[in-house]
Every structure is written in structure tokens, then in C-alpha cells.
Amino acid sequence: MKAVSWRTKYVRRLRLTDALVVAWAIIGAYGVRFGFNEASVDGPQDIDYITISAILAGSWWVMLGFWGSRESRVLGAGSEEYKRVIAASAWLFGLVAVFSYATRVDTARGFVGLAFPAGVLGLLIARWLIRQHLSIARRQGESSSRVLIIGSHHAASHLVRSLLSAPAAGYQPVAAYIPGAAVHPPIEIGVPIAGVDAELGSMLAKIRDLEVDAVAISAGVNIHPRDLRRLGWELAARDVGMILAPALTDIAGPRIHTQPVAGLPLIHVSTPKLTGGKKVGKRAFDLVAAGILVACLLPVFLVIALLVKLTSPGPIFYRQERIGIRGTSFYMLKFRSMRVNADAELGALLAAQGTAGKPLFKVENDPRITLVGGVLRKFSLDELPQLFNVLGGSMSLVGPRPQREGEVALYDNDAHRRLYVSPGMSGLWQVSGRSNLTWEESIRLDLYYVENWSLMGDIVILLKTFKAVFAGTGAV
């Protein structure tokens, strides 16, 4: 299957799905607001809402395309596709409001107020469902763009590993071109080396022979800027994409800004800060969401407390000192899932499995866990009392998991950046692999979260957390 085939197929699918969802939202809002027996609404002006509905539906569908929400490069991964859907819809209904005010046309606010949220929600759900299908296809090696990597040995190897680790993004590296290098690389790149000649003609010949859909230029490439510009021209003429991959890792898009200076696109990376309005917004979100969850889950709290008390001697809750933001300590709450005095046995168990010197004190097949505790941990129900930590301000709903003082003592300089934000009930590494990730992978994901925090990112992590809990993939 060639790349153009899957692009065409999915864009057509999106066009059809968008049309159906928009029609459903507009017709549904019309039926709820006016019923289906009247074609117009009497008022200061006789407005034909059937005509308005048709115009609004057509304009909505066009705006989704105009805003680039169906571009193939935003499909399958990231939040850009969803942002464009929301932006296109918001701009359309904003223009409707401005038009109504300017022309003094008294449109029914109930009609617009129903169509907008229903349509946006429907579009997002439909896009998510299509994305799941696309993600499955890409993990099977289909519906992806064939990419040739051009760069130095180390940069090309890093880029190949990064692309292969995220198949849902839709970039399949097929070969690497290392201009000016030895034929036999000093490291394993992970894909065949297509060539080492620095001549532009040789590169273009390989690009033609490999039938790639895009060329990714990694850092340290040994190509003269003039030849790199000519390469861009030739790729554009061949309808082959050109991707520049700078030597930046774990940096999210909102932090990257480009500024053209003398024909050079300079990349500015903003400093991550969780202060001011962002800090207030995150805290307000924590208070509201945690308060709602506590109110809704009170019956669950009572049932769990009763089960813990009746099935195992000891207290209902377990309090343990953890390290939070800026190295401050606090007591984290849990429903007790282990036998009493379990902490005293930890050292011997870690030594027995040979992990006493690692900064992640986790015991495999832990014998201290009670029968009820095993069920609580499987569905993360033992973590629910931490909602009170969130309300008290010592934790957040989302953030790096708080660790013991002994674990923090084993941190290196990079790991200490986890303490720049409040610890969370859930976090990026929990939903990315739960307890199956290595310590190094967990730290990398936590640092990514610290460096690229956003409220929308927190919401996405929480949604993934609920999915993981209901699936019973285990506690962290």
C-alpha cells in the first residue's frame, strides 16, 4: 500500500465522518429546539431555520477542511488534530454570533447552544475512533510514510530509534544516508545505510530508488547549506516531504517558536514555568476535580474501609512519609493493602531480589499484600484517599509519583527535576506503561512532563488513567 493510498483513504473517511457528525448535530439541535413540524420560527423576523441549518452545516464542514484538521501529517498522534477541530468550530460559531449582532438578526441561542457542544463532542469522538483504527494499522506496518534519514551516525541512530518507538505517528524509517562517513558505521543505526556520498545527485538517486514519502534531515548532517536548499527544491518537485529534526529531545511543540533571521529559521525554546496563572489554573482544576470525585466516591470509600477492617487486623488507612515539591516531606494516604509493619520487611525483600541500591523500591510478587489489598491494587483503589492529599495541597491529580526519602537520596541530577512540580496521583509514566517500565524510562517520561506541562495534557493523562484503572492493569 503506497502512502498516497492511505492518505487519500483516510482523508475521504474524515470528510464523510465530519459530514455525518455535523449533520447529526445540526438536525438534532433543530429537532430539540423547534421540533420537526415547523420550518420557521416567528419572532422579530421570520427566520427560515431549515435554510440556516443547511448553510451552517455546510460552513462547518468547510471550516474543518480550511483549518487543516484533515491534513495527513496531524493524523494518528498528538493533539494538533483535536485542537484544529475545536478551533475551526469555535471560529465558525463566533462568526455566527458576530454576524447576528451586526445584522441584528435574532437567532435562537438555544439552537446554536445545542449544536455547538454536541457537534464538537461528536467530532472529537469520531476522530478518536478513526485514530484508533489508524493506530492499529500503523502498528502492523501499514498506513505509514516511508522515511529516509539523512544525518550523522549518532543523530541518525537516535532519530531512527525515536520514530520506531512511536509507530502511531506514522513515520517508518527505511534507510539512512550518512554523507561523508565511512561505509561501516561505528554504531548500529537500526536501518540499512543507503549511501555515504555527499553529492546531491547521489542522494536524489537513492530517494528515487527507495520510493520514500519523506526525507528527515537530522542534526550534524554533513551537507553544505546551499546543497540543503537545493535538496528542498528537488524534494518539493518530486512531492516528497522534507522534515528537519533538530538535536532537541523531549520538547513539546508549544515550547518551540521559530524566528526567521537572514533567511535562517532560528528555533527558540521557551523556559518551562509553572507559575502565575498556570499555577493557579492547575490548582483550581485539582480542587474542583478532586472535590467532585470525593463527593461521588464516598459510598466506595465506605465499602473499601469496611472490607479492609473486616479482613485484616490493623488500621484502615496507611500513612507514609513521601518527598514532594522542592524536596518538602508530607504524609501520603492510602487504604492499607499490606499487613501491619510491612515497612520493616522492605529492606530484606529488596536485598533478596537484588534491587536495594535502585531508586525504585518495588518488590516483585510482594508477600506482604493482603487478599483484599491485591484487589485494591489491581484497580488502584488503594490510591483513592490521596484525593484528600490533593485537596490539602500536598499533591496534585497529575504529576510525578512521590517517592520515599531513601529513593530520592539515590537520584542523580536529572532525576531531581522531578521535584520541580507537585507530585501526582497519576502521571505520564503510569499511563505509558504502569509498573512495567524501567527506572530510566520512568524518569524520562517524568522529566518530559515537568518540562512540558499543560492543563490539556493533565486532562489527557487523567482520561488514560481511568482507562487503565478500569482495565485493571495494576498499581504502580
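Predicted model: local features only at pLDDT ≥ 70, side-chain atom pairs only at ≥ 80, totals over all residues.
Me: By class, how many nonpolar, polar and charged residues are in the lining of the largest cavity?
Reply: Residues are numbered from 1 along each chain as its sequence is written, and side-chain values use heavy atoms, with hydrogens and water left out. Ala, Val, Leu, Ile, Met, Phe, Trp, Tyr, Cys and Pro count as nonpolar, Asp, Glu, Lys and Arg as charged, and the others, Gly among them, as polar. Sorted that way, the lining has 9 nonpolar, 2 polar and 2 charged residues.

Me: Which residues lining the largest cavity are closest to its centre?
Reply: A cavity is a set of points on a 1 Å grid over the protein atoms alone where a 1.4 Å probe fits but cannot get out, and lining residues have an atom within 4 Å of a point. Points are joined across faces, edges and corners, and the volume is the space filled by probe spheres set on them. The largest cavity comes to about 70 Å³. It has 13 lining residues, and the closest to the centre are Ile323, Arg401, Arg418, Leu419 and Pro423.

Me: Which element gives the largest share of the lining of the second largest cavity?
Reply: That cavity has a volume of about 40 Å³. With 4 residues, the largest share belongs to H4.

Me: In E7, what is the bridge partner of valine 215?
Reply: Five strands form an open sheet in the order E5-E4-E3-E6-E7, with parallel pairing; two strands pair if DSSP finds at least two bridges between them. Strand E7 (241-245) is one of the edge strands, pairing on one side only. Strand E6 (residues 214-218) pairs with E7 over 5 bridges. Valine 215's partner there is methionine 242.

Me: Does glutamate 211 count as buried or exposed?
Reply: Glutamate 211 has a positive phi of about 55 degrees although it isn't a glycine, and it lies in the loop between helix H6 (200-210) and E6. Buried means under 20% relative accessible area, exposed over 50%, partly exposed in between (1.4 Å probe, protein chains only). Because its relative accessibility is 56%, glutamate 211 counts as exposed.

Me: Where is aspartate 239?
Reply: Aspartate 239 has a positive phi too, near 60 degrees. It counts as exposed because its relative accessibility is 73%. Its place is in the loop between helix H7 (225-237) and E7.

Methods:
1 Å grid on protein atoms, 1.4 Å probe; cavity = no way out; pocket = protein on both sides within 12 Å on 5 of 7 lines; lining within 4 Å. Helix = DSSP H or I, 4+ residues; strand = E, 2+ residues; numbered from the N terminus.
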